[in-house]
Amino acid sequence: MKSLLIKDTTVSERAQIVREALGAEGDCEGVDFSDMYDDYIYGFKELADINREFSEKHAGAVVAGDITKPSSGCAMK
């Protein structure tokens with residue numbers, strides 16, 4: 001597998017990586033994931049950093065018993 005690091009990819013390759021990872025839909029439950037990854041696409045932050053920051057910000061947001069089926073427009077099933 002090819003490296004996903006900024007130093008090893010071009011802007012167009014990073015955009016394609018994000019499109020493929022998100023599938024057809026780029027938003028879920030009010031979060032626009034395509035915008036979330038702009039810093040990666042344009043070479044400002046690595047994917048791991050963006051994902052870690054998202055996880056830290058939203059950790060504990062889902063509480064057992066409050067879990068509902070995602071809307072049908074969510075690519076993150």
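Leaving out residues up to four places away in sequence, T9 touches K2, S3, L4, R14, I17 and Y40. Contact here means heavy atoms within 4.5 Å.

A word on the ground rules. This is a predicted model, where local features need pLDDT of at least 70, side-chain atom pairs count only at pLDDT 80 or more, and totals for chains, interfaces and linings use all residues. Numbering runs from 1 along each chain as its sequence is written, and side-chain values use heavy atoms, with hydrogens and water left out.

Back to T9. T9 sits in the segment before α1. Is T9 buried or exposed? T9 is buried, because its relative accessible area is 9%. The cut-offs are these: buried is under 20% relative accessible area, exposed is over 50%, and partly exposed is in between, with a 1.4 Å probe and protein chains only. The T9 side chain also reaches the backbone oxygen of L5, at 3.0 Å. That pair is a polar contact, meaning N or O atoms within 3.5 Å; within protein, one must be able to donate a hydrogen and the other to accept it, and residues adjacent in sequence count only if both atoms are side-chain atoms.

Now S3, one of the residues that T9 touches. S3 also lies in the segment before α1. S3 counts as partly exposed, because its relative accessibility is 28%. Not counting residues up to four places away in sequence, S3 touches D8 and T9. With D8 there is a polar contact, side chain to side chain, at 2.6 Å. A polar atom of the S3 side chain also lies 3.2 Å from the backbone nitrogen of L5.

Let's step back to the whole protein. How many helices and strands are there? There are four helices and two strands. From the N terminus on, the order is α-β-β-α-α-α. Helices (H or I, at least four residues) and strands (E, at least two) are DSSP runs, numbered from the N terminus. The protein has 77 residues, and 21% of them are buried. Take the contacts with a separation of 6 or more: residues 24 or more positions apart account for 48% of them. The protein exposes about 5,600 Å², and carbon and sulfur atoms supply 55% of that. Those areas come from the Shrake-Rupley method with a 1.4 Å probe; for residues, only the protein chains shown count as cover.

Next, helix α1. α1 has 12 residues and reaches 17 Å from its first C-alpha to its last. That is close to the 16 Å expected at 1.5 Å a residue. The expected span is 1.5 Å times one less than the number of residues. Which residues of α1 are buried? They are R14, A15, V18 and L22. Seen down the axis of α1, these buried residues fall within an arc of 100 degrees, so they line one face of the helix. The arc is that of the directions from the helix axis to the C-beta atoms. The buried residues of α1 pack against α2 (33–36) and α3 (38–41). On the other side of α1, S12 and E20 are exposed. After α1 comes G23, with a positive phi near 75 degrees.

V18 lies in α1. V18 counts as buried, because its relative accessibility is 6%. Beyond four places in sequence, V18 touches Y37, Y40 and I41. V18 and Y40 are 22 residues apart along the chain, and their C-alpha atoms are separated by 8.8 Å.

R19 is in α1 too, which spans residues 11–22. R19 is partly exposed, because its relative accessible area is 49%. The R19 side chain makes a polar contact with the Q16 side chain, at 2.7 Å. From R19 to F33, 14 residues along the chain, the C-alpha separation is 9.9 Å.

Last stop, the core. The largest nonpolar core has 11 residues: I6, A15, V18, L22, F33, M36, Y37, Y40, I41, L47 and I50. A nonpolar core is a set of buried Ala, Val, Leu, Ile, Met, Phe, Trp, Tyr and Cys residues joined through side-chain atoms within 4.5 Å. Which elements give two or more residues to this core? They are α1, α2, α3 and α4 (47–58). The largest share, three residues, comes from α1. I50 is another member of the core. Leaving aside neighbours within four places in sequence, I50 is in contact with M36, Y37, D39, Y40 and K45.
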